[in-house]
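Please look over the sequence and the model below.

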Amino acid sequence: MFLHILKYELKNGVRTKDLIIWLMVFPIVLGTFFKIAFGSVYNKTEKFSAIPVAVVEETENPAFRQVLNGIESADEPFLKVTYADRAKAEELLDSGDIEGIISSADKLGLTVKQKGLSQTMLKSFVEQYTLREKIAMDAIQTSPEKAQEIISSLMSGTVSSCREIPLTQGNPDMYIQYFYNLIAMVAMFGCMTGMHVTMQNQANLSALGARNNCSPAPKLVTILACLTGSFILQTVCMLLCVTFLAFVLKVDFGDRLPLVYPAAILGGIMGVSFGFFVGSVSHMSQKTKTAVLMSASMLLCFLSGLMVGDLKGTIAQKAPWFNNINPAAVVSDSFYCLNIDEDYTRFITKLITMAVITVVFIMLGFIISRRKKYASV
Amino acid sequence: MQVFKTMFKVMRSRLPSAMIYIIIFLAISAFVTSQSTKDNKFEMNRLKVCVFDEDDTPESRALTEFIGKHNDIVEIDNNRDTITDSLYYKTVNYALIINKGYAERLAAGETAELFGSYHMDESYSVVYMSKMLDEYTGSVKAYLAMGKSLEEAVSATEAAMSQETEVEMLRVDKGGDSHFSVDFAQYFQFMPYILVSVIISIVSLVLVTMNKKDIRYRTNCSCLKNSKYTFQLFFGSFLFVLFIWLIFMVAGTVFNKEMYTGRAWLAVLNSFIFSMVVAALAVFIASFEPKDNILNLITQVLGLGMSFLCGVFVPMEILSDGVLSAARFLPAYWYVRANRMISEEDAFSSEGVMKCMLIECLFIVALVLMTILVRRLRYSSASIGSAVKKATA
């Protein structure tokens, strides 16, 4: 009986258009858009690369030119310098080819177009040059005998005062987490398949439910078979989604991709059980249930950062406990831990959380839907 | 005006879901615009820095205080996971450790490895902060070499490093009367997404409902003239779009805290034209009579797709050239282009803005023509005849 019901559940699922649209097509489309939009943001805005700048020499300033040459010939140059006249430089700045114009006369001046970190860095570069000039002047005034030595030690780029302690081998691109949340969204949309299970077993809501309720098969077997069917369908959706992201869009999940799959599948199963639970709680119409589930799962995804990327970081500061129970955040965090952490402690905690949430929802669903009888429909 | 009235009855049933969109959008805009500054003056970027002071001497505290002048000092737990998460989500840009023995070694003129920093990636913040620290310690060392005491050297360094360079902005309010700040332009920039979502999901849905087979057959055999029927449909859709657009414009004056003036009117005109483009698009989509769930998908794909491709969600300069040249075939691209010119993010020229608006108008014309074509093909007497034959067969 179990297998018979399972077979029909699967057939039924494959023929549901909603399922294919929202769990397969939509994530693929949205993932592609994310890739187009966020694919190069990190490299262009966060990761450091030499800041392009134009230098307008209003009067000859060989010392400054020498400093610039020194910077440009370094291993990792800080600036990319173009020499130009004022009009040409402004044109470059306007078209976004350079970030700022440094004009060198008696004093250095800076012209920028926007406020931002690279502009701030240019400002501090100009100030640094002025600072060194001042120190050199101070040195000549206070201790002329040592001045030469002080100036040369200032100019000879000292050893770095700061040792960097690496935190992770993973991919530090924070925009990747939009893809994590996309997978979490597909997992949460699993609640729709979960809800269909309950629809098919509530006689007052669907003809199929009425038919199922008068069949001699035990309810436990029927629901278990239906749930298994939903789990299988959801697993297929999750596999498709992760595979598409990882291999077609080439999203970098870190070096532990094989472990992303089980986490995604477990997340999907959790989504189904969430829908099963909400569906069992009440006898509202399908439309109402859909609305409740859709808005609930979108809200959870929103709080996990699907729309606004840094929301999760903010929540982690204000109310860290919420990220540990928000199902969408748990799913996306599991990928994050897999990418960033060096050990598996946090990853395994996330998996256990998912498993516990799943079991709780399923148990509650069963307890609520057992012994429900329909005298007449 | 029966058709007109019926349209609004159908719309009313769909209004709650549209209101959710609108309210969320307005709430987010209220938040964003409340943080905006009106003047286009240069300000230093303030980084969020957390400092773990293991040395805890007057010198190290002086350094922390100095960093705090230009940056925001954030306190977080000294725990590896917390630090990793904070750096990843950029709630902290730089995590600095002042090593034990900092003051002593600095006094001795050593500058190597005085600090440690938790390192996530080679970002601008990291480069900026490490340059700043090198500069600070280098200057202290120089002043020490001049024979100053450590305390004097530190205060001399701080005084020297506090010299500010005047930064000029390219085009400081060159328009004179342009009361359309870059920050307020954001409000207009996000509008395409919300207009597409709300207008397509409602107008198309209503049109599809009015066009259901049974209802259409009933309307066709009424004594209402076909042209009158179409006119009422268009008039109803137009009024609805106008209503939604007005909501956003009124909300805009509230957020801007003043009536639109000067160039801001161009932005208003631009958004009106774009609303009309979306309305035409909605009518076009409706003529294919999509099912409910397909319509939802189309709405999402068009709304998100146009927003991501045309620089609504992410600034245009970040998108690759390939994406941008594909985006030229979408109306939102021209809307965003015009909006950027009006807010002076790109060089302003009235011909440029006019050109963008004209292209948007061409999209309207093209969409209306295509709608007429599709409707001719689908509802021509021949195709209805064959549909009836099929139904009776």
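Helices (H or I, at least four residues) and strands (E, at least two) are DSSP runs, numbered from the N terminus. By that count, chain A has 16 helices and five strands. Its radius of gyration, taken over C-alpha atoms, is 30 Å. Along the principal axes, the C-alpha atoms of chain A fill a box of roughly 105 × 40 × 35 Å.

This is a predicted model: local features need pLDDT of at least 70, side-chain atom pairs count only at pLDDT 80 or more, and totals for chains, interfaces and linings use all residues. Residues are numbered from 1 along each chain as its sequence is written, chains are lettered from A and ligands numbered from 1 in the order in which they are written, and side-chain values use heavy atoms, with hydrogens and water left out.

How much of chain A is buried? Buried means under 20% relative accessible area, exposed over 50%, and partly exposed in between (1.4 Å probe, protein chains only). Buried residues make up 52% of the 377 in chain A.

Now the surface. Patches are made of residues with over 30% relative accessible area and no salt bridge; like charges are joined within 9 Å, nonpolar side chains (Val, Leu, Ile, Met, Phe, Trp, Tyr) within 5 Å. A salt bridge is a side-chain nitrogen of Lys or Arg within 4 Å of a carboxyl oxygen of Asp or Glu. One nonpolar patch has about 810 Å² of accessible area together, by the Shrake-Rupley method with a 1.4 Å probe. Its members include A:Tyr344, A:Ile352, A:Val360 and A:Ile367. A:Val360 lies in helix H16 (residues 345–369) of chain A. At 42% relative accessible area, A:Val360 is partly exposed.

A negative patch draws on both chains: A:Asp75, A:Glu76, A:Glu164 and B:Glu122. A:Glu76 sits in the loop between helix H4 (62–72) and strand S2 (79–83) of chain A. This residue counts as exposed because its relative accessibility is 68%.

Last, the backbone of chain B. Most residues other than glycine have a negative phi. B:Asp56 has a positive phi, near 55°. B:Asp56 is in the loop between strand S1 (48–53) and helix H2 (58–70), and is partly exposed at 48%. Phi of B:Lys90 is also positive, near 60°. B:Lys90 falls in the loop between helix H3 (80–88) and strand S3 (94–98). With a relative accessible area of 15%, B:Lys90 is buried.

Note on methods
Lys and Arg count as positive and Asp and Glu as negative; His and the chain ends are not counted. The place of a charge is taken as NZ of Lys, CZ of Arg, CG of Asp or CD of Glu. The radius of gyration is taken over C-alpha atoms; the globule rule is 2.2 Å times the number of residues to the power 0.38.
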